[in-house]
Amino acid sequence: MIKNNRKWVLILLAPLLFISCNKEQFGVGKQNSSVQTNPVETGSTFVCSDHTLIRPPVDLLFLWDNSTSTNYIHPDKKAALNNTLNYISDRFDYQVMIAPLVGSGNNNTYFFSRAGSTPSGVTHISKSSAVSVIESLPLATGAAEAGGARARDLIKNNMNNSIFRPNAYTIVVLLSNEDDDSYVQNDYGSNKNEAEKLGNGITHDLLCLKGGTYNGSYRNSYSSYSTNCSGVPKLNASMMRFLSITPSGSFAYRKISRNIAISQNYSESDWTNLSVSSFSNIFDQVNSVIADQVIKHRYNYWPVAGTNVEVEPSSIQVYRNNGTQLESDEFSYIGKQVNKNTRYHPSLGEPYTGHMIELIGEGEVIFPSCLRVTYNAPAAYYGYCHLSSQPLESSIEVKINGVKIANSKWSLVKSGSSPRYFSSKNIRIKSASDFSEATPAVNRSGYFVKLDPSVVYTDSQTCDVTYHSTGQVN
């Protein structure tokens with residue numbers, strides 16, 4: 001009878017034992033939820049400075065033989081000579097004056113230029129009509145040839161009207177099938193020594209007009225200007241050349257060509273034998289020493305990154321194209337800018353929209369330098385860990401980067417006394433001390449534990465939560 005009573009007692013107590021165990025002690029399986037953060041974003045820009053190419057000013061005087069003796073030049077050769085005008089390089093800001101070799105002042109002279117200038121005292125033509133103009137120059141009969149003095153006088157008399165410009169490259173191209181014979185009374189001279197003396201005298205006058213450091217060493221009785229070139233208007237030309245296309249016996253012209261070239265440390269290459277069949281390379285030696293004019297742009301602001309990324313100012317590093325790094329006092333981050341000019345010389349320009357730095361002192365950029373700018377995005381902070389299903393609170397275990405943190409360093413986010421479900425929650429915060437939501441958001445759906453500021457995790461770190469689930473998802 002006693003046995004039977006025990007049996008009934010156990011039967012009656014069993015439900016009470018089950019009732020006394022709370023819900024948390026009987027969760028469904030052990031769950032694991034993990035948040036893996038991305039590495040910190042990095043970026044770089046590589047930008048080079050720019051320049052403005054200015055066509056160098058080149059002023060040419062074409063002196064074309066218009067004496068009757070040119071009738072003896074073969075038509076094919078004459079056509080090739082006339083075509084010389086078409087070999088003027090388009091990379092130059094050229095101005096061209098065409099004049100008869102035997103003539104007076106600006107009579108029968110013509111002018112064309114790349115820029116379409118219209119100076120006074122000369123007939124304006126197009127470049128395309130230059131060859132026909134040369135062919136129509138009036139013939140001069142019975143006159144001595146004084147090509148050297150003709151070149152000198154035309155340059156001097158056409159400086160005020162800007163046909164021959166200061167600081168330009170001044171080039172004389174002279175065609176003659178004879179030689180300068182202005183040193184004799186009759187119409188032809190054959191005295192080599194006297195011809196070369198004339199060449200020296202004319203060289204002096206041309207170098208006076210050129211300007212610069214010429215010391216008057218070529219002056220003689222054939223010169224019109226004083227030894228020190230006093231009172232002579234000066235072009236201060238970047239270069240002067242005298243290209244003569246003449247027979248081998250033209251001692252005066254050849255002497256001028258040689259003197260003018262050597263006085264500026266150029267090799268003697270400015271005389272061309274009239275007997276050659278082609279003149280297409282006549283300007284090669286001259287073109288090779290005409291320097292392209294480059295205005296170097298200067299910059300005191302520089303791009304870092306576009307507006308669609310974020311930049312951590314303290315991470316910015318700047319490198320020159322030679323590998324050296326700008327010091328911290330050579331640049332300063334100025335944030336996002338809109339249409340901010342990067343260039344300040346030769347004018348304000350080259351605006352940029354986005355993150356920028358100001359370049360300071362030696363940090364400023366001058367063409368052709370380049371800069372490479374590297375940067376990191378701001379650090380991302382995470383103040384919450386994610387649980388995909390409803391947890392039994394007493395079973396929760398939290399690890400940051402694999403290291404378990406104390407229960408006092410986290411708290412389950414609840415609604416009242418129960419875990420709170422979020423259909424979408426941003427787990428990214430502004431900083432360990434500011435739990436305001438940060439952007440761009442990192443959203444999760446489920447349940448969450450909030451971390452203590454001392455254990456907030458960041459880029460490339462993980463938060464793992466293990467727990468027993470109640471079986472509920474929301």
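## Helix 5 against helix 6

The crossing between helix 5 and helix 6 is right-handed, a term for a near helix turned clockwise from the far one by less than a right angle, with anticlockwise being left-handed. This is a predicted model, in which local features need pLDDT of at least 70 and side-chain atom pairs count only at pLDDT 80 or more, while totals for chains, interfaces and linings use all residues. Residues are numbered from 1 along each chain as its sequence is written, and side-chain values use heavy atoms, with hydrogens and water left out.

Helix 5 covers residues 192-210 and helix 6 covers residues 251-262; their axes come within 8 Å and cross at roughly 40°. That angle makes helix 5 oblique to helix 6, since angles under 35 degrees count as roughly parallel, over 145 as roughly antiparallel, 65 to 115 as roughly perpendicular and the rest as oblique. Axes here are lines fitted to C-alpha atoms, for helices over the stretch in contact, and angles run from 0 to 180 degrees between N-to-C directions. Helices (H or I, at least four residues) and strands (E, at least two) are DSSP runs numbered from the N terminus.

On the helix 5 side, the contact (heavy atoms within 4.5 Å) includes Leu198, Ile202 and Leu206, and on the helix 6 side it includes Phe251, Ile256 and Ile260. By class, the contact residues are nine nonpolar, four polar and three charged. In this scheme Ala, Val, Leu, Ile, Met, Phe, Trp, Tyr, Cys and Pro are nonpolar, Asp, Glu, Lys and Arg are charged, and the others, Gly among them, are polar.

## Helix 4 against helix 5

Helix 5 also packs with helix 4 (residues 147-157), at an angle of about 15° and with the axes 9 Å apart. That makes helix 4 roughly parallel to helix 5. Their crossing is left-handed. Among the contact residues are Ala151 and Ile155 of helix 4, together with Ile202 and Leu206 of helix 5. Six nonpolar, one polar and three charged residues make up this contact.

## Cavity and pockets

On a 1 Å grid over the protein atoms alone, a cavity is a set of points where a 1.4 Å probe fits but cannot get out, and a pocket is an open set with protein on both sides within 12 Å along at least five of seven lines; lining residues have an atom within 4 Å of a point. Grid points are joined across faces, edges and corners, and a volume is the space filled by probe spheres set on the points.

There is one cavity of 30 Å³ or more, and the largest cavity holds about 40 Å³. Its lining includes Phe92, Phe283 and Asn287, and has seven nonpolar, one polar and no charged residues.

The largest pocket has a volume of about 390 Å³; among its 21 lining residues, Glu41, Ala380, Tyr382, Arg428 and Pro440 are the closest to its centre. The second largest pocket has about 220 Å³ and 14 lining residues, with Asp65, Thr70, Lys78, Ile134 and Glu135 nearest its centre. Helix 2 gives the largest share of that lining, three residues.

## Backbone details

Two cis peptide bonds deserve a look: His345 to Pro346, with omega about 10°, and Phe367 to Pro368, also with omega about 10°. Pro346 sits in the loop between strand 15 and strand 16, and Pro368 in the loop between strand 17 and strand 18. Cys229, in the loop between helix 5 and strand 9, has a positive phi of about 60° although it is not a glycine.
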